[in-house]
Amino acid sequence: MSLIRVVTVCMLLLPLAACVQGAESDETEGVLDFRMPNVSPKQKDIYLCHAIALNPNKPIYITEVVPHANSHVVHHMSIIGCSKPGSNKDVWYCNDFDKEASLYCSGQSSFIYAWGKNASELRLPKGVGIKVGGDTSMHYLVMQVHYNHVESFLNGGVDHSGVQVKYTFNKLPRAAAYLHLYTADGVLQPGQQEHFDITCPIDEDIVLHPLAFRTHTHQLGLVSSGYRVRNREWTELGRRAAQLPQNFVPAKPVPLTKGDVLAARCTMFNFNDHPVRVGSTHDDEMCQFYILYYTDGEKTLSKEECTSKGPPLYYWKDDKTLDVTNIPADVNVIPPPPNGPAPPA
């Protein structure tokens with residue numbers, strides 16, 4: 001007999017409304033509708049967070065994330081697994097660049113999903129999942145939303161952007177996780193092209209199988225590129241025009257192992273008459289490159305992030321472990337479709 005299961009786990013730290021309510025499903029699968037609780041932001045470029053508690057006694061394996069957001073309202077949205085949320089409030093201010101703001105997580109965190117520019121859903125291959133809850137350290141999911149335009153909220157409108165998280169209770173043979181490369185700082189001078197470079201050495205004895213990559217810049221991004229560097233040989237993992245929807249798109253099947261270096265670059269051009277720095281608003285810039293990978297079994301990398309200081313303080317040429325004479329000639333070239341714009345009709 002098939003059982004109907006509704007996952008409902010509440011923790012004292014969070015109000016009842018912020019507890020997990022999985023959609024009705026059979027005993028092995030479920031759908032979690034995770035939305036902002038009718039918020040009404042009044043400040044442009046504000047970052048808001050909302051959390052839900054996961055079952056501490058039984059893990060779930062996330063297999064698909066379906067976004068529900070519009071880029072006219074939301075600049076970008078992130079889903080993060082947390083050992084503890086950054087606040088006990090139902091909704092809280094959580095700008096990473098503001099020292100006065102609360103964090104999105106307190107304690108350990110693990111990236112789950114990101115969305116921008118009307119990106120599409122993330123669907124993992126059969127047998128691959130992101131494990132959260134249960135015996136993991138990720139006891140909560142936190143949604144961080146960067147609101148771009150707030151005009152629709154000034155007269156009482158509300159927002160319920162968010163995601164549907166599809167999962168299974170069945171243990172899966174392969175574990176998915178991310179490497180997140182980004183520049184923590186950097187500046188673009190007016191009228192200049194600039195390179196935001198990051199490197200990330202793989203120093204754990206584990207084989208990573210790239211599934212997809214995602215790029216994130218703001219208005220000045222031209223193209224973002226990622227490579228495996230092994231024995232001075234540069235092999236492309238992915239390259240994409242920066243102004244396309246910021247989906248996770250298929251990466252080239254280039255395994256990463258101990259001793260390899262992952263190198264990422266965002267090529268930008270500042271068409272403004274003033275310098276632009278890395279920062280939190282849509283008028284600032286960001287350079288982020290995500291690699292979604294899987295491993296055989298449950299073990300994934302213990303580190304999830306690599307960062308650099310950005311230009312003019314760091315470029316690939318400053319890393320003595322890289323042979324920059326072998327950088328591919330098309331590193332700064334926007335690729336053809338589907339990772340570049342379609343040609344004019």
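Tutor: Two strands pair if DSSP finds at least two bridges between them. Strands (E, at least two residues) and helices (H or I, at least four) are DSSP runs, numbered from the N terminus. The model here is predicted, so local features need pLDDT of at least 70 and side-chain atom pairs count only at pLDDT 80 or more, while totals for chains, interfaces and linings use all residues. Residues are numbered from 1 along each chain as its sequence is written, and side-chain values use heavy atoms, with hydrogens and water left out.

Student: Thanks! Which strands stand at the edges of the open sheet of five strands?

Tutor: The order in this sheet is β7-β4-β11-β6-β8, with antiparallel pairing. Each edge strand has a single partner, so one side of it is left without a neighbour in the sheet. The strands in that position are β7 (91–93) and β8 (109–116).

Student: What is the average twist from one strand to the next?

Tutor: Axes are lines fitted to C-alpha atoms (for helices, over the stretch in contact), and angles between N-to-C directions run from 0 to 180 degrees. From one strand of this sheet to the next, the twist averages 25°.

Student: Let's look at one pairing: which residue in β7 stands opposite Leu48?

Tutor: β4 and β7 run antiparallel and are joined by three bridges. In β7, the residue opposite Leu48 is Tyr93.

Student: On to the cysteines: is the disulfide of Cys82 and Cys105 left-handed or right-handed?

Tutor: A disulfide is a pair of cysteine sulfur atoms within 2.5 Å, and those of Cys82 and Cys105 are 1.5 Å apart. Cys82 lies in strand β6 (residues 74–82) and Cys105 in the loop between β7 and β8, so the link ties together parts that are 23 residues apart in sequence. The torsion about the S-S bond is about -40°, so this disulfide is left-handed.

Student: How many residues apart are Cys200 and Cys306?

Tutor: A disulfide joins the two, S to S 2.1 Å, and a torsion of about 45° makes the link right-handed. The pair links distant parts of the chain, with Cys200 in strand β15 (residues 193–201) and Cys306 in strand β23, and the separation is 106 residues.

Student: With the bonded cysteines numbered in sequence order, what is the pairing?

Tutor: The structure holds four disulfides. Among them is the link of Cys266 to Cys287, S to S 2.1 Å, which is right-handed with 85° about the S-S bond. In sequence order, the pairing of the bonded cysteines is 1-3, 2-4, 5-8, 6-7.

Student: Are the rings of Tyr178 and Phe248 stacked or tilted?

Tutor: Rings of Phe, Tyr and Trp (its six-membered ring) pair if their centres lie within 6.5 Å; planes under 30 degrees apart count as stacked, over 60 as edge-to-face and the rest as tilted. The structure holds 12 aromatic pairs. In this one the ring centres are 5.5 Å apart and the planes meet at 55°, so the pair is tilted.

Student: Is Asp45 buried or exposed?

Tutor: Asp45 lies in the loop between β3 and β4, and its phi is near 70°, a positive value in a residue other than glycine. Buried means under 20% relative accessible area, exposed over 50%, and partly exposed in between (1.4 Å probe, protein chains only). Asp45 has 11% relative accessibility, so it counts as buried.

Student: Finally, what is omega for the bond from Pro311 to Pro312?

Tutor: Pro312 lies in the segment after β23 (305–308). The peptide bond from Pro311 to Pro312 is cis, with omega near 5°.
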